[in-house]
Every structure is written in C-alpha cells, then in structure tokens.
Amino acid sequence: MGPTINDKFPNLRGEASTTTEFDLYEYLEDKWGCIFMHPADFTPVCTTELGRAAVLQDEFTKRGVKLCGFSCSDASEHKEWLEDVKVATGGEVTFPLFCDPTRQHAVDLGVLDASNKDAKGLPLTVRSLFILKPDHTVALMMTYPATTGRNFDEILRVIDSLQLTVNHSLATPVDWKQGEDAIVNFPLSDEDADTKFGKGGYKTVELPSEMGKDLPKHYLRYTKVASKSKGCFPRFTK
C-alpha cells in the first residue's frame with residue numbers, strides 16, 4: 001500500500017537522468033512537487049506526456065511547483081529516450097526523470113500493475129501522479145491506466161485549486177477555472193469568513209435547508225477571486 005492523501009511521500013534517492021545522486025527532498029526544497037510515473041521508457045503515450053510537461057514547465061515554475069518524472073528504466077535509457085521526446089514533441093525535458101530499474105521504489109509506492117507486463121514479464125507502473133505540498137505530504141493523487149494520457153491542463157487547474165485552499169482557505173466548485181468565483185472553505189464560520197474576507201466580501205446562497213435558522217455557519221458561500229497574473233497568488237475582490 002503506497003502513500004495516500006496527507007501521507008508523507010517517501011524520499012526518492014538514487015540515480016536520475018540529471019544526476020547519479022538524486023535526492024527528491026533536496027531537489028524540491030520548500031517548493032510544491034509534481035511526481036508523475038511512467039510505465040516504461042520508449043512508450044508512445046509517455047513520450048507525448050513528457051513533451052507536454054516540458055512545454056508547460058514555465059507554468060509549473062510560476063506556481064512554485066517542481067516537476068519530477070519516474071520510470072522503471074536506467075539513466076542511459078532515460079537520456080536516449082529524452083532525445084526522442086524532444087524530436088517527437090518539441091519539448092526539451094530539463095527536470096529529473098528518476099530511475100527505478102529494479103522496481104523497488106514502485107513497489108514501495110504501490111504503483112505497479114500486475115496485469116500489465118513488459119517483454120521480460122515484469123509488471124509496469126500505472127500512470128500515477130502525486131502533487132506534494134512544501135512539507136512533502138501528498139495533496140492530491142491521480143491514477144490513469146497505461147493507455148490513457150494525462151491532461152496537464154487539468155493538473156495545473158487542480159494545483160491552482162490546492163494552492164487556493166492552502167493559502168487562502170478557499171475551495172473550488174465543479175469545473176472551476178482561474179478567475180471564477182471560489183467557495184469559502186467549509187470549516188470557516190461566518191464570523192471567521194467576515195474577518196478573513198471582510199463583511200460583504202462573500203455571498204451566501206440562500207438554501208431551503210437553512211431558511212429561518214440562526215446559523216453560525218452557512219455552508220455554501222462564494223467569494224470573487226481576481227484573475228491572477230501568472231506567477232502571482234490571487235487577490236480577493238468584494
């Protein structure tokens with residue numbers, strides 16, 4: 001059983017495409033992290049994903065997020081594969097791609113798929129992704145089958161949402177996008193919300209279940225979030 005939400009993500013130490021002495025915690029420093037697994041090198045879906053991540057690296061950097069790939073191959077294969085990625089996608093991967101040829105780390109992380117094996121009969125990793133907070137705890141997990149490529153626009157969207165929660169006590173509604181109204185996080189009482197956002201700084205939705213009741217906290221409250229300049233946290237608007 002691997003890490004789940006709010007668990008400390010295990011430190012990855014060993015070889016990577018960028019160094020023979022990779023240490024995940026040292027690499028991340030006090031930044032957010034995006035760790036994404038690949039079933040194997042020289043695979044078509046993974047090739048497109050790595051290229052897309054490389055193209056979007058500046059968007060992750062503006063959000064204070066460091067990227068780290070992970071694949072069950074060695075450094076020499078990683079480096080050869082990354083040349084293919086550059087030619088196929090135009091994306092030059094400069095972030096580390098961790099090496100796990102023995103699959104020991106994949107076992108510890110619980111990301112192996114026994115039904116999907118390579119030519120040697122060894123299980124491949126599923127397409128798992130972990131978003132880590134600066135304290136290296138897991139904020140979010142996504143797992144795709146090996147045949148389905150990840151949506152990196154969605155990954156950036158959920159990072160924006162997670163950072164709104166951590167930094168501003170906000171939640172985000174269904175299909176939320178940057179610049180749209182967010183939800184005052186449920187644990188905040190109305191009094192707390194008045195203090196944080198100012199009186200009139202949020203709108204309470206009038207719901208039948210709450211009508212006529214003197215409540216310390218209404219459960220559906222929206223506040224406006226100004227569209228953020230890239231690389232900056234949002235400012236709240238009344």
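**Close-up views of the predicted model**

View A. Phenylalanine 42 counts as partly exposed, at 37% relative accessibility. The coordinates come from a predicted model. Phenylalanine 42 belongs to the loop that runs between β3 and α2. Its phi is positive, near 60°, although the residue is not a glycine.

**View B. Asparagine 6, ahead of the opening strand.** Asparagine 6 sits in the segment before β1 (13-14). Asparagine 6 has a relative accessible area of 55%, so it counts as exposed.

**View C. The chain as a whole.** The chain holds 7 helices and 14 strands. Of its 238 residues, 46% are buried. Take the contacts in the chain between residues at least 6 apart in sequence: 64% of them join residues at least 24 apart.

View D. The whole structure contains 7 aromatic pairs. One of them joins phenylalanine 22 and tyrosine 27: the ring centres are 5.7 Å apart and the planes meet at 50°, so this pair is tilted. Phenylalanine 22 has 5% relative accessibility and therefore counts as buried. Another pair joins phenylalanine 36 and phenylalanine 152. Their centres are 5.7 Å apart and their planes stand at 80°, so the geometry is edge-to-face. What does this pair tie together? Phenylalanine 36 is in strand β3 (residues 32-38) and phenylalanine 152 is in helix α6 (residues 152-168), so the pair links parts that are 116 residues apart in sequence. Phenylalanine 36 is buried, at 0% relative accessibility. Phenylalanine 152 is buried as well, at 3%. Ring pairs also link Phe22, Tyr27, Phe70 and Phe98 into a cluster.

**View E. Lysines over aromatic rings.** Tyrosine 27 has the charged end of lysine 66 over its ring, 4.9 Å from the ring centre. Tyrosine 27 is also one of the residues in the ring cluster. Elsewhere, lysine 217 lies over the face of phenylalanine 186. The distance to that ring centre is 4.0 Å.

**View F. Lysine 31 and its contacts.** Lysine 31 lies in the loop between α1 (24-28) and β3. At 33% relative accessibility, lysine 31 is partly exposed. Which residues does lysine 31 touch, not counting those up to four places away in sequence? They are Gly64, Lys66, Lys133 and Pro134. The C-alpha atoms of lysine 31 and glycine 64 are 5.7 Å apart, although 33 residues separate the two along the chain. Lysine 66 on this list is the residue whose charged end sits over the ring of tyrosine 27.

**View G. Helix α2 against helix α4.** Two packed helices are described by the angle between their axes and the distance between the axes. Helix α2 covers residues 44-55 and helix α4 covers residues 75-89. Their axes come within 9 Å and cross at roughly 75°. That angle lies in the 65 to 115 degree range, so α2 and α4 are roughly perpendicular to each other. From α2, the contact uses Cys46, Thr47, Thr48, Leu50 and Gly51. From α4, it uses Trp81, Leu82, Val85, Ala88 and Thr89. Of the residues in the contact, 6 are nonpolar, 4 are polar and none is charged.

View H. Beyond its neighbours up to four places away in sequence, valine 85 touches Thr47, Leu50, Gly51, Gly90, Gly91 and Val93. The C-alpha atoms of valine 85 and leucine 50 are separated by 7.0 Å. Along the chain these two residues are 35 residues apart.

**View I. Methionine 142 in strand β9.** Methionine 142 is part of strand β9 (residues 138-144). Its relative accessible area is 12%, under the 20% limit, so methionine 142 is buried. Leaving aside neighbours within four places in sequence, methionine 142 is in contact with Arg127, Ser128, Leu129, Glu154, Ile155 and Val158. Methionine 142 and isoleucine 155 are 13 residues apart in sequence. Their C-alpha atoms are 9.1 Å apart in space.

Note on methods:
Residues are numbered from 1 along each chain as its sequence is written. This is a predicted model: local features need pLDDT of at least 70, side-chain atom pairs count only at pLDDT 80 or more; totals for chains, interfaces and linings use all residues. Side-chain values use heavy atoms; hydrogens and water are left out. Rings of Phe, Tyr and Trp (its six-membered ring) pair if their centres lie within 6.5 Å; planes under 30 degrees apart count as stacked, over 60 as edge-to-face and the rest as tilted. Buried means under 20% relative accessible area, exposed over 50%, partly exposed in between (1.4 Å probe, protein chains only). Helices (H or I, at least four residues) and strands (E, at least two) are DSSP runs, numbered from the N terminus. A charge sits over a ring if NZ of Lys or CZ of Arg is within 6 Å of the ring centre and within 35 degrees of the ring normal. Axes are lines fitted to C-alpha atoms, for helices over the stretch in contact, and angles run from 0 to 180 degrees between N-to-C directions. Angles under 35 degrees count as roughly parallel, over 145 as roughly antiparallel, 65 to 115 as roughly perpendicular and the rest as oblique. Contact means heavy atoms within 4.5 Å. Ala, Val, Leu, Ile, Met, Phe, Trp, Tyr, Cys and Pro count as nonpolar, Asp, Glu, Lys and Arg as charged, and the others, Gly among them, as polar.
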